[in-house]
Amino acid sequence: MDTTLNAWDVSRYGGPDVLTPVTRPVPTPSAAQVLVRVRASAVSRADGMMRAGQPKFVRLFLGLKRPRAGLAGTCFSGDVVAVGDKVTKFRIGDAVFGEAGLQFGANATHISVDEDGSLLTKPTTVSYEEAATLFDGAMTSWHFLTRVAQVQPGENVLILGGSGSLGTAAVQFAKALGAKVTASASARNTEMLRSLGVDHVVDYNAEDPLKRGAAYDVVFDTLGVASFGAAKPALAENGRYVCPVLGLALLRDMILTGVIGGRKARFAAAGMLKPEMHREELSEVLALMAENKFSPVMDRTYPLSDLVEAHAYVETGRKRGNVVVV
Ligand SMILES: NC(=O)c1ccc[n+]([C@@H]2O[C@H](COP(=O)([O-])OP(=O)(O)OC[C@H]3O[C@@H](n4cnc5c(N)ncnc54)[C@H](OP(=O)(O)O)[C@@H]3O)[C@@H](O)[C@H]2O)c1
């Protein structure tokens, strides 16, 4: 049994170079916790945002002067290596994946988490690398399409930013939900999106995807590259503009469209949902994976010791799908 763990410290907000490797004693799980030997953990845009403390309002949740948790990483997969004496759902040897939430510390060799938290059994058909990404792009896009936008079969759906972590999941989910799917991407990612089943790919450098004369029932702006105002003329009556990137304009549009107008603007913070919602929604995602209707798109895999490089790559804004460290 290992006695020390490797993790990454974030003791101040800033660029990737604020990340510092640390070693600590492996914790003994408390009565209702499991200790996981981490096999893979995600490096997401949200992780970068939290490391940077940007936009500044996130510091209200993470710590005003410095990151309160002091460790990096939110989404992980691995094997249970110890359990507390009240744990009933998991056993030593189980393969699991989960989200550490505001506890952080997933970019590490070990993590202790509550058995009743955002933790699920990893199917053998899903790799550790894939499983580590599911709480980011997959869960967020599934939540936005099924719970926030409530996509119906036959609807016209536009995914803005089809090649990112959220986008590559969203296009597959929208197809699985029976929608007609248009997605925006640059020319280098057009073929990938076609291979994921997208009906129309729009090169955003050549054409404004919101000015094609189409009436979309749902516009999912995965990157916050547009706005409700810009999307409104392209929305069908009762169309929904949904976006996971919160800004003041979106907040205002949510409040206004909550009381007037058929076309709606909506935001949600999928990471802040209750663990039982996480487990329910990810069970639905796993069912789609078992039916071969969804597979996470994997970009680069770095060793855990190269977390700084992984963050720098994610920060370019050019990744395709997901990045993990192992
Ligand atoms: N609210 C929530 O619960 C929640 C949860 C998770 C994440 N998020 C947020 O969701 C956002 C998206 O994250 P992500 O991981 O999906 O992003 P990402 O993977 O970093 O997105 C990168 C991709 O976007 C493409 N892209 C860049 N500019 C574009 C444009 N103008 N139009 C279309 N595509 C463009 C890039 O392709 P090219 O290089 O070819 O352009 C690249 O493939 C982040 O802001 C993240 O913080 C929110």
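This is a predicted model: local features need pLDDT of at least 70, side-chain atom pairs count only at pLDDT 80 or more; totals for chains, interfaces and linings use all residues.
**Overall form and domains**

The protein contains nine helices and 15 strands. Along the principal axes, the C-alpha atoms fill a box of roughly 60 × 45 × 40 Å.

Two domains are assigned: domain 1 (4-122 + 296-325) and domain 2 (136-270). Their C-alpha centres are 28 Å apart. Each side supplies ten residues to the contact between domain 1 and domain 2. On the side of domain 1 that touches domain 2, five residues are nonpolar, three are polar and two are charged.

**Ligand shell**

The ligand lies between the domains, because both domain 1 and domain 2 give residues to the shell around it. This shell comprises 32 residues, of which Ser 163, Gly 164, Ser 165, Ser 186 and Pro 244 come nearest to the ligand. Two or more shell residues are given by each of helix H1 (45-52), H3, helix H4 (165-176) and strand E9 (180-185). By class, the shell has twelve nonpolar, 14 polar and six charged residues.

**Helix contacts**

Two packed helices are described by the angle between their axes and the distance between the axes. The table gives these values for two pairs.

| Helix pair | Axis distance | Crossing angle |
|---|---|---|
| H3 (residues 128-148) and H8 (residues 275-290) | within 10 Å | roughly 90° |
| H1 and H9 (residues 307-315) | 9 Å | about 105° |

On the H3 side, the contact is made by Leu 134, Ala 138, Met 139, Trp 142 and His 143, and on the H8 side by His 278, Glu 281, Leu 282, Glu 284 and Val 285. Six of the residues in the contact of H3 with H8 are nonpolar, two are polar and two are charged.

The angle of about 105° between H1 and H9 makes H1 roughly perpendicular to H9. In this contact, Arg 45, Gly 48 and Arg 51 of H1 meet His 311, Val 314 and Glu 315 of H9. The contact of H1 with H9 has one nonpolar, two polar and three charged residues.

Notes:
Residues are numbered from 1 along each chain as its sequence is written. Axes are lines fitted to C-alpha atoms, for helices over the stretch in contact, and angles run from 0 to 180 degrees between N-to-C directions. Helices (H or I, at least four residues) and strands (E, at least two) are DSSP runs, numbered from the N terminus. Two residues are in contact if their C-beta atoms, placed from the backbone, lie within 7 Å. Ala, Val, Leu, Ile, Met, Phe, Trp, Tyr, Cys and Pro count as nonpolar, Asp, Glu, Lys and Arg as charged, and the others, Gly among them, as polar. A residue is near a molecule or strand if its C-beta atom, placed from the backbone, lies within 6 Å of it. Domain bounds come from an automatic or database domain assignment. Angles under 35 degrees count as roughly parallel, over 145 as roughly antiparallel, 65 to 115 as roughly perpendicular and the rest as oblique.
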